[in-house]
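Q: Could you walk me through how to read this structure, feature by feature? I would like the general idea each time, and then the case at hand.

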Amino acid sequence: MRKFLTGMLVLILAFSASGVSVLANARDVATLAGMRGHGDDDGDRPQFNLPRGILAGSDGVYVADTFNNLIRQVSLNGYGRTLTGGFIGLDAHRFPVGQYRDGAIANALFNRPGDLAFGNGGNILILDTSNHAVRIIMRQNVFTLAGGGEPGFADGTSADAKFNTPSAMVVDGQGNIYIADSGNHVIRRIGTNGRVTTVAGVAGEHGHNDGTAREALFDSPAGITMGEDGRIFVADTGNHLIRMIHNGRVTTVAGARVLANEIDFDITYNANEWDNIPIGDFADGRANAARFNMPMGLAMWGDVLIVADTANHRIRAVAPSGNVTTIAGDGYASGTDGALSNATFHLPQGVSVFGDNLFVADTGNNAIRTINLSAVGNIR
């Protein structure tokens, strides 16, 4: 199951004021770019290949075009351009083959980049997932901040630190980088001094346990964001839960952990192997009654937590009260624009909020979608 989750993580795995108003006047859900099969074309009809990370900024939407091994930028009118990255050929499944190379942005190479964030000074941070590294675009060059090359686990200086399939990151107001280190089942931090520490979880040990940060357990966490008050929210993907780290403790804020032996399957399975495996499900409602299915992307919209509920093909919201509602998506893999009630998605992963606009990396549709959050109404 661990190998399955890791594989699925990899495979599934401020605009101008006028720009924001343009999006706000659009349909509730619209496609900004993509959704024409997969490819790597730039221009006014850009194509993507299983994009995962997305980042809304003052000069456009940045995209971790994961299976093209590229970092892209899309303007408000849907024009796409490649900032950096490339590939050296195709694998047996005709996916571009990634590599690991720092240097000038024209020459830098990546391997399944998974997430993006703004660092100090507006520099773009890149979570280079299959290179197990945190990298940065600065002064037209790409540098490695920490990790790199081989998977592993080690805290310490940036040169000594190791990660294992890191999938998501968020940066606080001081410039500290928090990372969902999926393959190690922990949450890590790169301090402003470059030192890497483990914030919560037990390295190499998957499971579910709330409590102090040192005793808490996660299962392949693949999403992370932070509230204005410093609370860290984690998409605990393998447990199908939303967790929170605050004041040195980990708690479950939404979702309930359902195990295989609690489900009435119509198939025969090996009880010893599957009984204690968490199973994804769907339900809106109170925090402890809600159900998720491999949630991945997280973003804050004021005090509301937005969730890309990936395997449910839905965009969900967790209110401050803990109540969970569905914003868009009907549980079926498709790609329909229009009213919130009719819109559909296919394995959405990355989400990023700017103003009242939500940008979604709709991974299975190879598309960048937008949701007008002002159409959602009050979330309680």
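**Reading strands, cores and contacts**

A: Happy to, and let us start with strand pairing. Strand β15 (residues 211-212) pairs with strand β19 (residues 249-254) through two bridges, in the antiparallel sense. Within that pairing, Thr212 stands opposite Arg249 of β19. Keep in mind that this is a predicted model.

Q: How much confidence does the predictor place in the protein, as mean pLDDT?

A: The mean pLDDT is 90, and 89% of the residues reach 70 or more. Take care with residues 1-22, where pLDDT stays under 50. For that stretch the model has 52 contacts beyond four places in sequence.

Q: Back to β19: how many bridges pair it with β18?

A: As a general idea, strands of a sheet pair through backbone hydrogen bonds, either parallel or antiparallel. Here, β18 (residues 241-246) and β19 are joined by five bridges in the antiparallel sense. Ile245 faces Val250 of β19 as its opposite number. The two strands form a hairpin with two residues between them, and Asn247 there takes a positive phi near 55°.

Q: In what order do the strands of the open sheet run, and which stand at its edges?

A: The open sheet has four strands in the order β11-β12-β13-β14, with antiparallel pairing. β11 (166-171) and β14 (196-200) each have a single partner strand, so one side of each has no neighbour in the sheet. From one strand to the next, the twist averages 30°.

Q: How is β13 joined to β14?

A: Four bridges link β13 (residues 186-190) to β14, and the two run antiparallel. Arg189 of this pairing stands opposite Thr197 in β14.

Q: Is Arg188 buried or exposed?

A: Arg188, which is found in β13, counts as buried because its relative accessibility is 0%. The side chain of Arg188 makes a polar contact of 2.9 Å with the side chain of Asp155. The Arg188 side chain also reaches the backbone oxygen of Lys162, at 3.0 Å.

Q: What about Asp102: where does it lie, and which side chains does it make polar contacts with?

A: Asp102 lies in the loop between β5 (80-85) and β6 (103-104). With a relative accessible area of 33%, Asp102 is partly exposed. Its side chain makes polar contacts with the side chains of Arg135, at 2.7 Å, and Thr144, at 2.8 Å. Asp102 and Arg135 are 33 residues apart in sequence, with their C-alpha atoms 8.7 Å apart in space. Beyond four places in sequence, Asp102 touches Arg135, Val142, Phe143 and Thr144.

Q: Which residues of the largest nonpolar core touch the most other members?

A: In soluble globular proteins, nonpolar side chains tend to be buried together. The largest nonpolar core here has 20 residues, and Ile306, Ile315, Ile327, Ala328, Phe345, Leu358 and Ile371 touch the most other members. The elements that each give two or more residues to this core are β20 (295-301), β21 (304-309), β22 (314-318), β23 (324-328) and β25 (357-362). The largest share, three residues, comes from β21.

Q: What does Leu358 touch?

A: Leaving out residues up to four places away in sequence, the contacts of Leu358 include Ile306, Ile315, Val351, Val353 and Ile371. Ser352, Arg369, Thr370 and Leu373 are also among the residues Leu358 touches. Apart from this core lies another, of 15 residues, including Ala213, Met226, Ile232 and Val234.

Terms used. Residues are numbered from 1 along each chain as its sequence is written. This is a predicted model: local features need pLDDT of at least 70, side-chain atom pairs count only at pLDDT 80 or more; totals for chains, interfaces and linings use all residues. Side-chain values use heavy atoms; hydrogens and water are left out. A nonpolar core is a set of buried Ala, Val, Leu, Ile, Met, Phe, Trp, Tyr and Cys residues joined through side-chain atoms within 4.5 Å. Buried means under 20% relative accessible area, exposed over 50%, partly exposed in between (1.4 Å probe, protein chains only). Contact means heavy atoms within 4.5 Å. Two strands pair if DSSP finds at least two bridges between them. Axes are lines fitted to C-alpha atoms, for helices over the stretch in contact, and angles run from 0 to 180 degrees between N-to-C directions. pLDDT is the predictor's confidence in each residue, from 0 to 100. A polar contact is a pair of N or O atoms within 3.5 Å; within protein, one must be able to donate a hydrogen and the other to accept it, and residues adjacent in sequence count only if both atoms are side-chain atoms.
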